[in-house]
Amino acid sequence: MTGRSVIAAVAVLAVAAALPLLLSNYQVGLATEILIFGVLAMSIDILAGFAGRTSLGHGAIFGVSGYVVVYASAQAGLSPAAAFVFGVIAATLVAVIFGTIAVRTSGVYFLLLTLALGMIVWGICLRWTQVTGGENGLRGDVRPVLLVSHRAFYWAVLVAATVVSYAMWRFVRSPFGLTLLGIRDSESRMRSLGYNVSLHLFIGFVVSGFFAGVAGALYAMFNNFVSPSTVALAQSVEGVLMMIAGGVGTLFGGFVGAAAIIALENAVSAYTERWQTVLGVTFILIMIFAPEGIIGTLRAILTRKGR
Amino acid sequence: MDRRQFLKNSAAAFAATGVAAAPWKGALAQSGPIKIGLLAPLTGVVASGGKEMVEGVQFYLDFAKGEIAGRKVELVIEDDASNPDTALQKARRLVEQGNCHMLIGDLLANTGLAVANYVKGTGTPYFIPIIAADDLTQRQRIRNVIRVAGYSASAFTHPFGDWARKQGYKKIATISQDYTFGHEQCGGLAQVFAEGGGEIVQQFWHPLNTADFSPYLGQLADLKVDAIFAMETGADATRFIQQYASFGLKGKIPLLGAMNATDQSVIRTLGEECEGIIAAAHFAEGSDNPVTQKFTRDYEAKYSKIPSLYGFSMYSGMMWVAQAIEKLGGKVEDRDLLIDTVLKTELTGSPLGKTVKLDAYGNPIYDVQIRKVVKRADGKYWNVPIATYPNVSQFWTYDPETYMKQPPYSRSFQGIKKT
């Protein structure tokens with residue numbers, strides 16, 4: 001890490017930590033949501049941006065973690081910390097299963113397979129009424145007493161997001177992360193160099209699922225509630241869209257994408273109930289004019305100016 | 001003064017202004033408008049119902065000239081998109097950013113339960129004229145969530161089961177959408193019908209948004225039952241009733257429906273295939289009660305359609321809350337007092353034409369009408385009462401304590417004792 005990027009990171013963190021002092025409670029809630037979805041988008045970016053595999057099943061992994069957290073604390077009576085750990089473990093296990101099946105494929109097949117796996121999880125959550133509450137979902141007071149206030153919870157999420165982001169950043173820059181990049185660029189070459197491509201992809205998938213699980217557990221604590229819509233395809237798609245809007249392969253673009261989409265959603269829905277249409281048009285515009293996403297485009301502009 | 005000291009001082013100064021500013025804000029709010037947050041699904045699967053909810057509220061506010069207890073009413077409408085996550089976010093916005101004094105609305109049980117869980121933490125009064133999930137006024141009651149002018153799902157099917165038994169039906173099969181609202185409505189009917197000596201031959205559960213009912217109708221036709229109970233809402237109800245007729249079952253096996261299956265929102269678009277279906281509900285738009293007749297007429301004049309349960313419930317729910325606010329002289333800022341007052345208020349002058357009060361669990365006690373779909377003089381279909389069960393409790397004739405010891409109705413528990 002260069003000195004300049006450390007300073008930049010510290011500055012961003014300082015601003016993020018100071019935000020709750022300036023914002024209203026509701027806006028602090030939105031900022032919390034942005035951080036959580038930023039982590040989800042980043043976890044998808046590990047696969048999409050670095051291993052060249054776009055997953056449509058991460059919403060399900062995210063949601064499973066949420067379900068387990070709420071179930072463990074509200075029904076099984078575990079402490080929030082234990083529930084959190086179980087949620088992340090459950091998400092990782094789901095990622096193990098998804099990974100085992102999905103890493104054999106690439107491109108559109110990977111997309112479809114992860115989509116199908118996600119739909120299975122959604123179906124289970126919807127129909128296994130005795131455990132998941134079916135359509136109604138599960139409710140409970142999941143948040144630890146200490147973090148009940150909006151601000152305290154925001155700071156806790158900020159700390160978690162910082163740690164997790166750093167871990168993800170280290171992961172993709174590690175020698176192992178570089179092998180993922182190699183697989184993205186040429187699978188056959190990596191194979192002929194002696195790398196076990198499937199194993200590397202599998203590990204990449206599980207690690208990515210672990211981080212999605214952290215995001216899901218935080219989201220469950222944020223909402224104190226989980227329902228099939230949390231594991232639905234729309235959730236996966238939202239994560240992918242946030243990642244794309246931020247910039248594929250930029251990692252931290254996840255936060256920018258999440259901020260852009262959540263802010264837009266809220267700003268626009270205050271004026272019209274047709275906000276989804278506006279969102280759709282915005283995506284089309286992003287794809288046409290900034291296909292590398294917000295961060296990607298900014299970077300390109302900066303390097304052009306630098307020359 | 002070093003930098004750290006400066007930071008400390010300015011932080012203290014900031015905090016002090018914040019604290020000092022708050023009472024001033026509160027004092028101003030007292031004279032300002034009453035802010036009511038309305039959550040309705042304006043997009044998504046039940047959007048048509050959501051629009052009628054908004055109409056119902058606005059119809060009341062027009063009637064009240066936009067004022068309650070001399071204070072202007074500011075209605076903030078948010079779309080919950082038929083999605084619990086969105087509903088939760090919108091509820092947060094209404095409470096935390098919009099500073100609404102109270103929330104009202106939501107249609108789907110999952111959205112209502114999500115919002116109910118949220119307001120449990122904030123203490124905001126939340127009124128649910130449509131959300132029917134039994135447990136909100138039974139096993140998992142939340143004090144500030146009040147079912148004004150609403151109903152718990154199994155409350156009307158209990159007497160309906162009794163009525164069906166008294167018609168001499170011995171065997172009934174049910175078909176229902178596979179979610180809690182369906183489980184609860186079927187459970188209410190099944191329990192009372194079975195305890196009365198009837199037999200529930202078979203129960204079919206199909207996913208929401210079923211396009212083709214022929215596999216179910218084929219089996220239903222072969223069961224040799226005396227009647228079929230259908231718990232359907234929205235587009236499913238429309239399709240089921242149409243296909244029931246085109247399968248030739250109409251007129252052969254009597255069709256009983258959940259109140260929502262023959263609601264105006266469904267039968268408005270149907271023809272003679274819906275004629276003769278019987279359902280139980282608190283409101284019957286075709287009642288000969290003059291108050292109901294006037295409401296239906298006025299509503300029809302304004303929106304050129306016969307009011308549905310959604311419009312009626314929101315209208316009456318608003319009326320209920322407004323009568324409580326009148327009693328308080330408009331002081332909606334005191335939440336506890338508002339909640340207590342609403343719980344004690346008896347609704348008068350509603351389209352039901354009869355005073356309604358809440359039971360000890362915050363659920364209204366109604367006269368339940370057994371209604372039949374008949375053709376009106378102008379060719380439109382509507383529900384006309386054929387029998388009445390007065391003052392029906394959500395616990396039917398059971399003792400509340402004992403009743404709540406049995407598990408909530410679900411696919412696996414329909415109130416029928418295993419023999």
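This is a predicted model: local features need pLDDT of at least 70, side-chain atom pairs count only at pLDDT 80 or more; totals for chains, interfaces and linings use all residues.

Trainee: Which strand is joined to β3(B) by two bridges, and do the two run parallel or antiparallel?

Mentor: That strand is β2(B); two bridges join β2(B) to strand β3 (residues 71-79) of chain B, and the direction is antiparallel. Here Ile68(B) is the residue that stands opposite Arg71(B) in β3(B). The two strands also form a hairpin, with two residues between them. In the turn, Ala69(B) has a positive phi of about 50°.

Trainee: In what order do the six strands of the open sheet stand?

Mentor: In chain B the order is β2-β3-β1-β4-β5-β6, and the pairing is mixed.

Trainee: Let us turn to helices. How does one describe two that are packed together?

Mentor: Two packed helices are described by the distance between their axes and by the angle between those axes. Consider helix α2 (residues 47-63) and helix α11 (residues 309-328), both of chain B: their axes come within 7 Å and cross at roughly 35°. The crossing of α2(B) with α11(B) is right-handed. On the side of α2(B), the residues making the contact include Gly49(B), Met53(B), Gly56(B) and Tyr60(B). From α11(B), they include Tyr310(B), Phe312(B), Met314(B) and Met318(B). By class, this contact has 10 nonpolar, four polar and two charged residues.

Trainee: At what angle do helix α3 (residues 58-75) and helix α12 (residues 233-246) of chain A pack?

Mentor: The angle is about 115°, and the axes of these two helices of chain A are 7 Å apart. The helices α3(A) and α12(A) are therefore roughly perpendicular to each other. Their crossing is right-handed. The contact is made by His58(A), Gly59(A), Ala60(A), Phe62(A) and Gly63(A) of α3(A), together with Leu233(A), Gln235(A), Ser236(A) and Gly239(A) of α12(A). These residues divide into three nonpolar, six polar and no charged.

Trainee: How are helix α13 (residues 253-269) and helix α14 (residues 275-289) of chain A placed?

Mentor: Their axes come within 9 Å and cross at roughly 140°. The helices α13(A) and α14(A) are therefore oblique to each other. The crossing is again a right-handed one. Leu264(A), Glu265(A), Val268(A) and Ser269(A) of α13(A) make the contact with Trp275(A), Val278(A), Leu279(A) and Thr282(A) of α14(A). This contact comprises five nonpolar residues, two polar and one charged.

Trainee: Into which domains is chain B divided?

Mentor: Chain B has domain 1 (32-152 + 290-366) and domain 2 (157-288 + 367-405). The C-alpha centres of these two domains of chain B lie 26 Å apart. Between them, 30 residues of domain 1 are in contact with 25 residues of domain 2. On the domain 1 side, α2, α10 (290-303), α11 and β13 (364-375) of chain B each supply at least two residues. By class, that side has 14 nonpolar, 10 polar and six charged residues.

Trainee: Finally, how does one read the interface between two chains?

Mentor: The size of an interface is often given as the accessible area lost when the parts come together.

Conventions: Residues are numbered from 1 along each chain as its sequence is written. Chains are lettered from A and ligands numbered from 1 in the order in which they are written. Axes are lines fitted to C-alpha atoms, for helices over the stretch in contact, and angles run from 0 to 180 degrees between N-to-C directions. Helices (H or I, at least four residues) and strands (E, at least two) are DSSP runs, numbered from the N terminus. A crossing is left-handed if the near helix is turned anticlockwise from the far one by less than a right angle, and right-handed if clockwise. Two residues are in contact if their C-beta atoms, placed from the backbone, lie within 7 Å. Ala, Val, Leu, Ile, Met, Phe, Trp, Tyr, Cys and Pro count as nonpolar, Asp, Glu, Lys and Arg as charged, and the others, Gly among them, as polar. Angles under 35 degrees count as roughly parallel, over 145 as roughly antiparallel, 65 to 115 as roughly perpendicular and the rest as oblique. Domain bounds come from an automatic or database domain assignment. Two strands pair if DSSP finds at least two bridges between them.
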